[in-house]
Amino acid sequence: MIAAMMASSYNAKEEDGHHSGSSSHGGAGAVKSKKPDNTAFKQQRLPAWQPILTAGTVLPAFFVIGLIFIPIGIGLYVTSNNIKEFEVDYTGVDINSPCYSCAKNFSWNSTQSCVCSVNFTLEQPFESNVFMYYGLSNFYQNHRRYVKSRDDSQLNGDLSALMNPSKECEPYRTNDGLPIAPCGAIANSLFNDTLDLYYVDSNSTKTPIPLAKKGIAWWTDKHVKFRNPSGNTNLTVTFQGTTKPVNWRKPVYELDPSEADNNGFINEDFIVWMRTAALPTFRKLYRIIQKKSGTTPTLPSGRYILDITYNYPVLSFDGRKRMILSTISWMGGKNPFLGIAYITVGSICFFLGVVLLIIHHKYDTRNNSADIPN
Amino acid sequence: VKCNFCVGEENWVDSRTVYIGHKEPPAGTEAYIQQRFPDNRIVSSKYTFWNFIPKNMFEQFRRVANFYFLIIFLVQLIIDTPTSPVTSGLPLFFVITVTAIKQGYEDWLRHKADNSVNQCPVHVVQHGKVVRKQSRKLRVGDVVLVKEDETFPCDLILLSSSRDDGTCFVTTASLDGESSHKTYYAVQDTKAYNTEKEVDSIHATIECEQPQPDLYKFVGRISIYMDNEPVARPLGSENLLLRGATLKNTEYIYAVAIYTGMETKMALNYQSKSQKRSAVEKSMNAYLVVYLCILIGKAFINTVLKYVWQADPNRDEPWYNERTETERQRHIVIRAFTDFLAFMVLFNYIIPVSMYVTVEMQKFLGSYFIMWDDEMFDEELGERAVVNTSDLNEELGQVEYVFTDKTGTLTENNMEFIECCVDGHVYVPHVICNGQVMPGATSMDMIDTSPGPGAREHEELFFRALCLCHTVQVKEEETVDGIKHGIHQGKSTSFYISSSPDEVALVEGMKRLGFTYLRLKDSHMEILNREDEIERFELLEVLTFDSVRRRMSVIVRANTGELYLFCKGADSSIFPRVISGKVEQVRARVEHNAVEGLRTLCVAYRPLSSEQYQQVCHLLSEAKLALQDRDKRLAEAYDLIETDLILLGATAVEDRLQEKAADTIESLHKAGMKVWVLTGDKMETAAATCYASKLFRRNTQILELTTKRTEEQSLHDVLFDLSRTVLRQHGGMTRDNFSGLSGDFTDFGLIIDGATLSAVMRPGQEDSNSGNYKEIFLEICRNCSAVLCCRMAPLQKAQIVKLIKASKEHPITLAIGDGANDVSMILEAHVGIGIMGKEGRQAVRNSDYAIPKFKHLKKMLLVHGHYYYIRISELVQYFFYKNVCFIFPQFLYQFFCGFSQQPLYDTAYLTLYNISFTSLPILLYSLIEQHINMDILKKDPSLYRDIAKNSLLRWPIFIYWTILGVYDAIVMFFGAYFLFDNTTFTSNGQMFGNWTFGTLVFTVLVFTVTFKLALDTHYWTWINHFVIWGSLIFFVVFSLLWGGIIWPFLNYQRMYYVFMQMLSSGPAWLSIILLITAGLLPDVVKKVIWRALWPTTTERIQVGTHTHIIEDYGSAKTTAAVFVFWKNYCKTKDRWVTKTGTGKAVHGCKWSYLVL
């Protein structure tokens, strides 16, 4: 109690020192204790910056934004335009398209895979690395039922989850009493067309173009998020007691028998597929065509043949399949939107800056002059 | 005596019989019926250990918002919903738990307090011995011994005290805050029994009414059996010691318990006040309803669209995405309904739990600024502002009508005796020299001619009358530094205490005129007269003051044996009862003084013969013994007794205006508030105060609606007359500005008195007419800038407030007062403010806010109210805005994910968005934002008009915010959409998935809404910087962490490295910057253009102050620099102006030269 009183009187002294103007004389200790502390915070008088948005203050910002955004936009637009992209639809809707029969005669049960070839010509050579994508349209990878139909623990190599997949995988959880590995709708619908690209030179010889299948998935996905149960060796044994997803032609441990670190759950095609797309029209990275040393373009202009092993039906839901070849810049693939958007916003800012300048001159002064009598 | 016994026996149901010491009444007198009463246990706690959880949960879920969130949570638990129940369960659980802990803690404290009260020892007389008992075991009928400074354990009837005269002193500070000592009286026949043995021998029963909450009313009767012959005595509130009061200046008392435990008057007064709701809260609820409709609408639209879209089975169930068998078999109606609920759950964040929490916190924490305010601290009283409820903070910024009490609120209630007038001779004590009271001043100034010898007798009688006719107590001893000083007769160490400051002023005034009231001893009042002789008068009866009679009387017996009745009271209540005396002269003086703003009282006397006295005694004792309608009977008796008076004279007491009262009223007027003065005082005095406080100005045309006028004309005619005057004036105003004299139109002031008011308000026989009266009255009032209502009863004050509240504009009302008579209007008004005055603490206790002085109202409304209003309105608007921004992209996303209720954002983001990423900046904004400097707010009250009528929460503004939210949502969603549309985003060709899409939108969202708030902030302290940038940093750090680890307890890892991958992509950065800019652009432009083209007063002032800052604080150098800048600036402007050919800008530039 005494301590409290001392403390309060000490405070009072300190206050007097700080605020010589405030009169806190008189009154007994009881009075003092009720007197509010005279701190800047409690008196709502903290030092503060008090900016006000007026035409005058905002003007420069608008011009600056305009001046920065427009060049950025132009840069982006030019970059985007320099990117070479080639797209071919091989769904086979049209009766004249080479994959028409494959698409038409598709059956889940057929053991024979249907192969079709699409010819196309690149007008311009593709320099630097070329990225090969497959694209699907009208495919709802972002449907809620679909998105959640996976078991990340299973994919992470958890043995108990391997044998007893999550309920979220229903109805792709078990088959004939055996747990499905990998379970769920996403895995079940793995894109399984095989695309091969051949360059046809002037004397009509087909040269296969080497397609790198590694480096297409996120590094973290491949090395951390996806893991085979009990290591990458002996996958056949590891996956014993599980069954392949219903729509798959081969079990998970045969996804890439040639390379142990691209097989099973850590198969990159599989990992890429498992990252569900945001929108119903999407593309996924399929292969990378590494730039050859020297000055020869990665893909010289000329005729090409795309061989498709047609396994993936999309016509039932009116989907489309595409193959896309694209070069990449620092800002990714071809996307004029960003550049245009920058130019637009920059121009609007600049325009608004001019409008505000007019308003500022015309009206602010009028208001000020109106204030004179006050 | 037997006959008296029969008086109140008609109704036994409402009374109780208490047997003192539990002794049966002697046989033959009456039947001994043991009644059961509750024990003396006080239960203020709401919960017990066992029922806490169910009862508290029930209480909490009775709130609509909590119930809504509970339902959402349950829906999430039951059906398969897009978001996990955690997202809504966690915040709800948090809110509920915090509230429960808070309430539990409060209840625990109550339990503790209850226990300490219930277990504290009391002394009870049993079988002639004093026994210690726990307080809770006390029973009705126990005889209790209470010692000095102890608190009464229950309601007691005083039997005897250590003082010979059977009185005791009590302070009721803890009950009503009045710290003055009040005298209570023991029952006459038992006051001699003042040892435990003697007390134990008392054989008596008490009959009294069943407990009532009114602290000041009590009727009962005690029958004492002496030699088996019952003697009945009346009991009144002067015999009743209330629980909670403390015994003072009395060694000990014996008393009998009559009301115990929860039946004590204190416990009955615990009833909580009705909840007041602010206008902001009402509009918030309206918005909530709108958003609920939007929510339901969205869910409904999506459900319908989903089923339209799904009509194609290949869309409904493509081969890659099949349903489970159980789902397939579910009936379509059930499926549709669950889909609807799932959409509801997905969009439910649009009505956030956190808004309620934030609003509550804002109100609670914000109210501290009122308490902390140094400028609202009163040195003299040592008091600061008190906040009794924080629910109404923002209502302080919305006040349209101020109803103020006069005495003690506008005026100091620090009465000073100015003069008295005896038979037309005026006496002024001239004792004030250089502000100091001259010691022992007995001289007086006779303005009028010296009175003759006969008049001198009259004059002395007048002085004696004033010395005798009062209820003032003399505080006999004073404790200075712990040493008790004895009484120093007539010296300044003894002072007077009374519940009425007028009386103290009068008695002190008499002292200065030579007649000193010394004390009341053994029913004798002692007066020291001019010759320093002590005169003793036996005090026989006191006819106490009440507000209906407006007078009080005493009956005394002088030493010589003569009997006098002295009466003092309001002129209107004395003059009709006077039969002789110089009425005309006195009346003239009284009216003169009233116009001067002085409080006047008239004094009269009546010599009584002993027969008359016997008659009076008979009348009084009969009335006092009545159990039923005692007050009415007493009033009748008083009416009979106080007649045939001889007028002695009148007094005038000044009640000075409070410091800065006029300034405050002027400010309130300028701020657009209508100020009404409601007082019980008489018209002339009240009008004088109104002029002094600038409520009425010189040019104010006064309209009178008083009994005087209605006597001449019918009420109907007067009302129509007045309304015609008012309307004609206003009509004329618009046609031609004829009132050239005042420049402005003449404003009207209305004076109405209580009687006329009740006539106006009376529910008439002809319904249509009375309704008309009210309407006409309101119409007149609307056109008056100031209204004075005088001669008001407390209840009428509340009626007026209610009338205005219910009028068709539904204005926000504020009532301010200091006395018990203001409590009703304080409770009735939207905001009730109590002044810590001299008339006790009743008003303060019942108020929403209490301030030491009237002048503090200015800062309370103009600064605090204004700030609170803009703060909370921004809080409300911003909360809805940020949740529209948050949820609308999810809605849009449904169109691209097959209406499958796929959430756009990750669960963690959904949960934390409102809880942590965007909560603190707005909370802080709503606590410390100052759009205008507070000194300017005080200096320029007209700024208050800018926020009048809930202007920041009107529908157009709400719609603007909502549209802004929708716009931002569209920019964010489609911005991200076009970026993601079928293209690569990274420099290594890898693709992003839906979670990156959501995270991109979410990142833009968090930054946009935070920057939006930053743009709205006008007051950037270091805390703002810390919180705004801090919460953005927190978001980034959290996202990095959330995506940086494979979380072992989660069954999904969808966010793993998503945020980091996004940040590693250049276009993502560019698009985040672009989208934030595009999102903020329209709001900035709107603000700037509106400010330039249609500025509000507030905005003009804001710009103005900036110039002032340059003016005030700029050093010579900077001023010079600014000057050069301006010069150049104006040059360019001039050039520009000449180009466009406008002359306006030049003018402004010239002015800026002037300023600089």
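Predicted model: local features only at pLDDT ≥ 70, side-chain atom pairs only at ≥ 80, totals over all residues.
Figure 1. Chain A has 374 residues, of which 49% are buried. Its secondary structure consists of 12 helices and 10 strands. Among contacts in chain A with a separation of 6 or more, 78% join residues 24 or more positions apart.

Figure 2. Chain B contains 40 helices and 39 strands. Of its 1156 residues, 56% are buried. For chain B the accessible surface is about 48700 Å², with 58% on carbon and sulfur atoms. Residues 24 or more positions apart make 72% of the contacts in chain B that have a separation of 6 or more.

**Figure 3. Spans of chain B annotated as "transmembrane region" in UniProt.** The annotation comes from an unreviewed entry and covers residues 61–79, 286–309, 340–359, 908–928, 958–980, 992–1014, 1026–1050 and 1056–1081 of chain B. Two of these spans are described here. Residues 958–980 of chain B are 100% helix and 0% strand, with 33 Å between the end C-alpha atoms. Residues 1026–1050 of chain B are 76% helix and 0% strand, and their end C-alpha atoms lie 32 Å apart.

**Figure 4. The interface of chain B and chain A.** On the chain B side 111 residues are in contact with 105 residues of chain A. The size of an interface is often given as the accessible area lost when the parts come together. Here chain B and chain A bury about 9800 Å² between them, and 60% of this area is on carbon and sulfur atoms. B:Trp319, B:Tyr320 and B:Asn982 supply 9% of the area that chain B buries against chain A, more than any other three residues.

**Figure 5. Polar contacts and salt bridges between chain B and chain A.** Between the two chains, 35 residue pairs are in polar contact, counting pairs with both residues at pLDDT 80 or more. Helix 37 of chain B, residues 1066–1093, gives the most to the side of chain B that touches chain A, with 16 residues. Two salt bridges are found across the interface. A salt bridge joins the side chains of B:Asp935 and A:Arg45, with an N to O distance of 3.2 Å.

Technical notes:
Residues numbered from 1 in each chain as written. Chains lettered and ligands numbered in written order. Heavy atoms only, no water. Helix = DSSP H or I, 4+ residues; strand = E, 2+ residues; numbered from the N terminus. Buried < 20%, exposed > 50% of the residue type's maximum accessible area, 1.4 Å probe, protein only. Contact = heavy atoms within 4.5 Å. Areas by Shrake-Rupley, 256 points an atom, 1.4 Å probe, with all protein chains shown as cover. UniProt positions renumbered as here; feature names shortened; annotations may be inferred. Buried area = accessible area lost by both parts, 1.4 Å probe. Salt bridge = Lys/Arg side-chain N within 4 Å of Asp/Glu carboxyl O. Polar contact = N/O pair within 3.5 Å; in protein donor to acceptor, adjacent residues only side chain to side chain.
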